[in-house]
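Trainee: I have some terms to check against a model. Can we go through them one at a time?
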Amino acid sequence: MTVTGTYLLQLTLNGITLGLLYALIAVGLSLIFGVMEIINFAHGEFLMLGAFAMAFALPVMGLLYWPALGISIVAIMLFGLVVYELLLSRLRPDEFERSILVTLGLSIIVIHLVQYFFTANPRLVDTQFGFEGVEIGAIRITWTRVVAAGVAVAAFAGLYVVLRHTQFGRAMRAIAQNREAALMIGIRPRTVARNAVVLAAGLCGLAGAAISPIQLVTPYMGQFLIFKAFALVIIGGLGNIPGAIVAAVALGLIESWIGGFFTIAWQEAAAFVIMILVLFVRPEGLFKRGGMRVG
Amino acid sequence: MKLAAALVAALAFAALPFLTSSNYILGIGVSALIFTVAAAALNLIYGYTGLLSFAQLGFWGIGGYASALTVVTFGGTFWMGVLYAALINAAVALVVGYPTLRTNRHAFVIVTLTFALLVTLIARDWVELTRGPMGIPNLPAPSAFGHRFANTSDFYWIAWAFSVAMLALLYALCSSRIGRTLIAIKQNEPLVRAQGISPMPYKLASFAISAAITGAAGGVFVFHLGIVDPLILDFYYMQTFLIIVIIGGAGSFWGVVASGVALSALPEVLRFSPDFRMVIYGVILVAAMFVMPSGIAGWLRERQVARLREALQ
C-alpha cells in the first residue's frame, strides 16, 4: 500500500471525529464518578438509547437533523433522571462494587428490552445530509461527521462554561473536591448528583444521536463504545475531565491510524494495550487527579 | 458437620447418572457442576479478597479456546488441554494483574472488564488462530485408559470429578491461613500492612488461582458443548457467575456452592425467550443488590446474630 499524505490526513480527520465522540462518553463517566464516586456501567446504554431515539425521531421530523438531535438529548436526560431517582440515589458514595452491580443489572435490562422490542437487526440512519460530504482537494468527509465533530466541540465549550462559571457547575466541582466541606456550606449532594447524572446523560444522548448516522445502530453498540470509554477514563485519570478529553482524542487518532494500516483486531486492542502501558508507568492515570478539574 | 453434609451432597451428585438416563437432565447437571466451580473461583477473588473481577469471563473463554486448540490444532489430549488452560490463564492473570493491582480497586474493576471485552474481540478477529466467528466445532470426546467419554452420562463423571477436586482445593485454600489473610485484606488493608503482611502477593496469587480454576472450568465446559466459538465469551456467563456469588453470599464458601447448584437450574426454568431471560437476570441482580446485598448466607448470618443478641438481653 502506498502511503500518501492525503490518506494520512483523511485518517487523521476521521480519527478526530471518532475521538471527540469517545470524549463525550468518557466525560459523562468522569462527571458521574467525580460527583458520586460510582461507575455507571449503563452509560453505554444511555448512548445506545440516544442513537435509537435519533433513529426514531428523524423520520418523524422529516429527516431534519437538529430537531431530532434536540429530542434525543432531552429524551436521554429524562431517562437519566428516572435512573437516578429509581436506582442511583439509593447508593452511597462508598458502595463502589454495589454501584457497579446495580448499573450492570440496569444495562442488561435495557439492552435486552431494546433487543426484544426492536430486534437486533442493525439500522442505517438517514439524515437530511444523506451521504453527501465536503471535499477539500482529494479529501472527502461526510457532513454527518463534520456536524458530529462540531456538535461535540460545542458541547465541550458549553460544559466548560457551565462547570466554570455557573453556580450549578461550581456546586458540582465543590462536591467532587471535598464532600464534607461542600455539605457544610449548604450544598445538597443529592441535588448536585442528580444534576450531574442528568448532564452526563445529556452528553451521552448527544453522542449517541450524533454517532447514529455514522455507525450502524444496534442494541449492542453501547457495549463496544463503553469499553473504550472506560479505558479512556483510566488513562486520563478517574474523575479528570480534561484528561479524559485529551486521552479520547488521542485514542481516536491512534485507532484511526492503526486501522488504516493493520487489521481490525489491532485497532480494537489499541485501547487496552495503551491502558495497561499507562498503568505500568503511572498507576494514577496520565493526568493526576485532584478533585474535579475543568481547566 | 458442614464437611459431612458436603460429602453427602457430592455423593448424591455422583449418583445422578444412576437415577436418570435423560441427557437433558445430565446436561444441566454438567453445567451446574462446572458453573459452580467458576462461581466459587469468582468468590475467591471477589468474596474473599474483595476485588470485583470481570476478567473471569476472559479466563473462561481463554480456557475454552486453550483446551480446544490443544486438542484440535496441536494434537494433544483433553487432559493436557485442561492443564494448559489453567497454566496459560495463571500466566495471563499475573501479567494483567500486576500492573492493575497496583492501582486502586476502582481501576481494577474497569481494567478487568476491558480485558474480558478484549478477549472477546480477539476471539472474533484473530481468525488464523481461533477461526473467528465460525469457531471450532466437533471437539472430540475425551478419553482415558482406552475409554472414550463419548455420551453425556460418561462426560458427567469428568465434570463431577473435576468440580469435586476444584471445590476441595478452593475450600482448603479458603479455610486456611491464606483464606483468612484474604478476608483481612478485604476488610482492612492498612491494618494488614500494619501487621507486616504485604497484600500484593496475596492478591496476585488469589487472582492467578481464580483465573487458573476458571480457565480449567471453561476448558472442560467447551468439551461438554462440543464446540468453541466467540459465544463462549458471551456476557451471559459472567452474569450467571456473578448472580450465583451474590445470591449465595459473597465470601461464604458453602453459600456460593449451594446457590451455584440451585441457580444453574434457573435458566432452564426460565426458558421463555433468551432476551426475556436476560431481562429477568438483570432484574434479579438489581433487586438482590437492594434487598439482600450480602446474599442468602449473609442474611442467615444476620438473623443468627440478631437471635444471639436477643438471647443476651
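Trainee: What makes a residue pair between chain B and chain A count as a polar contact?
Mentor: A pair of N or O atoms must lie within 3.5 Å; within protein, one must be able to donate a hydrogen and the other to accept it, and residues adjacent in sequence count only if both atoms are side-chain atoms. Between chain B and chain A, 1 residue pair qualifies, both residues at pLDDT 80 or more. This is a predicted model: local features need pLDDT of at least 70, side-chain atom pairs count only at pLDDT 80 or more, and totals for chains, interfaces and linings use all residues. Residues are numbered from 1 along each chain as written, chains are lettered from A in the order written, and side-chain values use heavy atoms, without hydrogens and water.

Trainee: How many residues are in contact across chain B and chain A?
Mentor: With contact meaning heavy atoms within 4.5 Å, 38 residues of chain B touch 40 of chain A.

Trainee: Why is the pair Glu85(A) and Arg190(A) called a salt bridge?
Mentor: The rule asks for a side-chain nitrogen of Lys or Arg within 4 Å of a carboxyl oxygen of Asp or Glu. Here N to O is 3.1 Å, so the pair passes. Glu85(A) sits in helix α3 (residues 65-86) of chain A and Arg190(A) in helix α8 (residues 189-211) of chain A, 105 residues apart. Helices are DSSP runs (H or I, at least four residues), numbered from the N terminus.

Trainee: How many salt bridges does the rule find over all chains, and how many across the interface of chain B and chain A?
Mentor: Over all chains the count is 4. Across the interface of chain B and chain A it is 0.

Conventions: Helix = DSSP H or I, 4+ residues; strand = E, 2+ residues; numbered from the N terminus.
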